[in-house]
Amino acid sequence: MRILYGFSNCTDRLYRKLTEETKKGLSVQCQKYHGLLIRGLVKNGAQVTCYSGLPINRSITKKLWIHEPDEQENGARYHYYTTLNVPVLRQLMVFFGAWVHSLFASKSEPVYAICDCLNVANAYGMAIGCRMRKIPLVLIVTDLPDMMPFSGWQKKLANRLFARADGFLFLTEAMNERLNKGGKPYLVMEGHVDDEAPVRSEEASYERTVGKKVIVYAGSLMKIYGIGNLTEGFLKANVPDSELWIYGNGDYRAELEATARDQKRIRYFGVSDNARVVAEEQKAALLVNPRPSGEEYTKYSFPSKNMEYMVSGTPVLTTKLPGMPKAYEPFVFLIEREDADGIASALRAVFAHSEAERTKRGAMARAFVLEQKTNVAQAARLMAFLETAFWQKGENQ
């Protein structure tokens, strides 16, 4: 099976290079999501060729001529469109690059295209080229275009894409109910974890080494994500020998920095690279996701943070987000009330358990996602979906 993979990311090597050159925070979440899925596809025997306009624009770099040579990583080939870093013109060049490459793709064996629907220019070019070549195109939908900070024309084009797609890869069932008006083939795949995730060392945990119950939150510091309730709830809980460590950036940052100056038990580390955050998650006593569950967008998103938390082997405390299937609930601690008092109560309840009991819950969560939700297992599901939904119907021949 050959797969044409359209997105706006790159190899991990190039991602590190671009981050160093631009000194700007490129999307870690997108890079990790697509990178793991691509590696999973390759491990299942797929020949993957990635097509990208790169995760940069005028706000990230003033460099006018954008060109990177083709490269390979983890068994996949990467081709980057050459573009001029000028608004609109750059998007047009990405569009034509995607159109041409899908139009001339070899069909010597079954070939399928999958593309990030939020990378609108790339996806539209692939959609037209694939339709002309009768190559099935599946859109990866990780967020609703209508809920993204897109311009009006971007939202309009993104929504038109759904009519051009042959199938969908959704994060939640609610996405299908809202977007898949034509009843096209779809697969719900809420996310994936690294099949090579490092093993947690209990002996290295802060609870063992320095006697501190370190509680970690790592992610966006947007106020709508409940960070204020988390900090207030932590202080109200007053768990002995505990500290709250927070990583990330967002509109709550200034308030958090002020709180951290006054409350020494709350420590703010700013934006850190993913490797450091993962290492700290593995040494913590608890990982928390306080995101409120009542907002409309939560029906259309799966908390990838929870999956990253779970594979660390550290116990997880989370709200009951609608996008999280109930199958996950036995493996995490749950916040029943999402205000500061409710979070305080939940923290006290977690630490009423012995360290051994908490450790067992974390180990069960890790085992669950490694057995069922790795990038290799999820990629195998995706490939089976492609073959069942399209090849056996006589398409793609």
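Okay, quick one to start: where is lysine 134 found? Have a look at the loop between helix 4 and strand 8, which spans 137–141, and there is lysine 134. Before I go on, remember that this is a predicted model.

So, lysine 134. Its phi is near 60°, and that's a positive value in a residue other than glycine. Is it buried or exposed? Exposed means over 50% relative accessible area, and lysine 134 comes in at 66%, so it counts as exposed.

Now jump along to aspartate 241, in the loop between helix 8 and strand 12, residues 242–247. Here again we've got a positive phi, near 60°, in a residue that isn't glycine. Aspartate 241 has 48% relative accessibility, so this one counts as partly exposed.

Let's stay with helix 8, residues 227–237, and bring in helix 12, residues 340–352: their axes come within 7 Å and cross at roughly 55°. The two helices are therefore oblique to each other, and the crossing is right-handed. Who's touching whom? On the helix 8 side you'll find Leu230 and Phe234, among others, and they face a helix 12 group including Ile343 and Leu347. The residues of that contact divide into seven nonpolar, two polar and four charged.

Last stop, the largest nonpolar core. In soluble globular proteins, nonpolar side chains tend to be buried together. This core has 127 residues, and Tyr5, Leu37, Leu41, Val48 and Leu139 touch the most other members. Helix 4, residues 120–133, gives the largest share, seven residues. Zoom in on leucine 37: leaving out residues up to four places away in sequence, its contacts include Tyr5, Ile140, Met189 and Leu382.

Notes
Residues numbered from 1 in each chain as written. Predicted model: local features only at pLDDT ≥ 70, side-chain atom pairs only at ≥ 80, totals over all residues. Heavy atoms only, no water. Axes fitted to C-alpha atoms, helices over the stretch in contact; angles between N-to-C directions. Helix = DSSP H or I, 4+ residues; strand = E, 2+ residues; numbered from the N terminus. Parallel < 35°, antiparallel > 145°, perpendicular 65-115°, else oblique. Left-handed = near helix turned anticlockwise from the far one by under 90°. Contact = heavy atoms within 4.5 Å. Nonpolar A, V, L, I, M, F, W, Y, C, P; charged D, E, K, R; others polar. Core = buried A, V, L, I, M, F, W, Y, C linked by side-chain atoms within 4.5 Å. Buried < 20%, exposed > 50% of the residue type's maximum accessible area, 1.4 Å probe, protein only.
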